[in-house]
Amino acid sequence: MSTLKTLNGNQTIAEAVRQIDPDVVAAYPITPSTAIVETIAKFRADGLISGEFVCPESEHSAMSVCIGAASAGGRVMTATASQGLALMWEMLYIAAGLRLPIVAAIANRSLSAPINIHGDHSDTMGARDSGWIQIYSEGCQEAYDNFIQAFRIAEHLDVRTPVLVGLDGFIISHSLEVIQVEDDAKVKKFVGEYKPVYPLFDTDRKMTVGPIDFTDYYFEHKRSQIEGIENAPPVIEAVGKEFGKTFGREYGFFEEYRMDDAETCIVVMSSAAGTCKDAIDELRSEGKKIGLLKPRVFRPFPHQKIAEALKKTKAVAVLDRSSSPGAFGAPLFTEIRSALYDYQERPPIVNYVYGLGGRDIMVEHFKDVAQKLEKIAETGKVEEWLGYINLRE
Amino acid sequence: MSKETWKELTIGTINLDAGNSVKNLTGTWRSGKKPEFIEENCIQCFFCWLYCPHFAILVKDGEVKGINYDYCTGCGICSVECPSKEKSIVMVKEEIELAGGSKK
Ligand code: SF4
Ligand code: SF4
């Protein structure tokens, strides 16, 4: 039976893991994702899950165990954040290159230095070229829903690519929300049975996994890897629809909030989108025609769909919770600006970096952005394409 | 040997033709030097066999008998490691034919 439970983001992920009961969970605890790992360990000790739980000596080893277990033929997951994800670095690329459908929950946190334990997207944005599918969550319910869908997406035969699900450190990972926890059997049925492709446990088959490629094969293997993630959009769409039919909450590539007649638009991902919605409601009640676009899937980037949604607006602000020092804008901005290039008529666009190291972003900050957008829409001119929100200047 | 296009490859770098490295004739990597086996000096210690990174030391009836030039890259490790009083493996000049037919 579907029940309402008061859980924080970490607990919702652990709850989904209990329901899915993967063959192997290999993880090393790190703030703010520790409670995911802790709770799974407790579930294992209490006999609530039957899969193996492995806690190796580091995140690098945790991802290595995931790769080994997934190659053997198991359904595998992990959880980490920040420096932990950074330490997994080389193994992330190997998981993607070997096309292993591993699922990872990432409690998004800043990267050192300076050391900081709070939420921003530096960790996963840094991993954006590792070949993993990336899905971001606005709150605990979305984290739970995304995590369940992640297995279906990763394991689809056309895709077979690892998926990470981001939930903002502390803001989601440690904040309580009343969420709908679906029926155990129904979740199990939705995720379905896992069928590995060429598992190493199939000892009758002679094969080699991950041999060296020289100049004559590496390029072809990389191209075939790219195909996996490029096959993902129709699968993400179908899984999001089926999830909606089964559990009543449908998902797409992004959410549009009050965008129908919007003249200006704020693009922001994850938990800040919730605050932005409040700001938009207030601005709408003042008669401002403003909307929100909240990307959910960042890799593969739904460039065409987002460009279509934005092209008719008069000004767009893209808010990034990470920076890309020396680049022409932070990650989300460069994607969206580039996506709009193909359109003759396209809105002027600005980038704001916000919330690094967990710095607050409040309704008033979104209202400031809205005011600047209004001016850009009026004049059609962008004076400063990059700004920083709630920074002492 | 014609090579697969990216669409023809097995998913995830998996090679279902395990052991196919025998088809990779690493002997083509030799560039100017090759080891020569001098049987009368050999004390059959098997150091060369142990050290050779390409398994290119020929062994027959439990004795080292020479070099398999299909796989020998000419690295010279066997010659350096050979402990017999007079070396049982020495590196000698080898003429190689370049793609255009000229010799080096
Ligand atoms: S030269 Fe190198 S590759 Fe050739 S036989 Fe000696 S050790 Fe082996
Ligand atoms: S290392 Fe030298 S002496 Fe020893 S087996 Fe090889 S060739 Fe003979």
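**Close-up 1. The shell around ligand 2 in this predicted model.** By class, this shell holds 11 nonpolar and two polar residues. Charged residues are absent from the shell. In total, 13 residues surround ligand 2. The closest are Cys42(B), Cys45(B), Phe46(B), Cys48(B) and Cys82(B).

**Close-up 2. An open six-stranded sheet in chain A.** The strand order is β9-β11-β10-β13-β14-β15, and the pairing is mixed. Strands β9 (254–257) and β15 (386–388) of chain A form the edges, each pairing on one side only. From one strand to the next, the twist averages 20°. Strands β10 (residues 264–267) and β13 (residues 315–320) of chain A run parallel, joined by four bridges. Within this pair, Ile266(A) has Ala317(A) of β13(A) as its bridge partner.

**Close-up 3. Helices α11 and α14 of chain A against the sheet.** Helix α11 (residues 272–285) of chain A packs on the sheet and touches β9, β10 and β11 (290–295) of chain A. The direction of α11 makes about 165° with that of β11(A). Helix α14 (residues 363–379) of chain A lies across β10, β11, β13 and β14 (349–353) of chain A. Helix α14 runs at about 145° to β13(A).

**Close-up 4. Packing of helices α1 and α7 in chain A.** Helix α1 (residues 9–20) and helix α7 (residues 140–155) of chain A pack at about 30°, with axes 8 Å apart. Angles under 35 degrees count as roughly parallel, so α1(A) and α7(A) are roughly parallel to each other. Their crossing is right-handed. Residues of α1(A) in the contact include Ile13(A), Ala16(A) and Val17(A). Those of α7(A) include Tyr144(A), Phe147(A) and Phe151(A). The contact residues divide into 10 nonpolar, three polar and no charged.

Conventions:
Residues numbered from 1 in each chain as written. Chains lettered and ligands numbered in written order. Predicted model: local features only at pLDDT ≥ 70, side-chain atom pairs only at ≥ 80, totals over all residues. Heavy atoms only, no water. Near = heavy atom within 4 Å. Nonpolar A, V, L, I, M, F, W, Y, C, P; charged D, E, K, R; others polar. Pairing = 2+ DSSP bridges. Helix = DSSP H or I, 4+ residues; strand = E, 2+ residues; numbered from the N terminus. Axes fitted to C-alpha atoms, helices over the stretch in contact; angles between N-to-C directions. Contact = heavy atoms within 4.5 Å. Parallel < 35°, antiparallel > 145°, perpendicular 65-115°, else oblique. Left-handed = near helix turned anticlockwise from the far one by under 90°.
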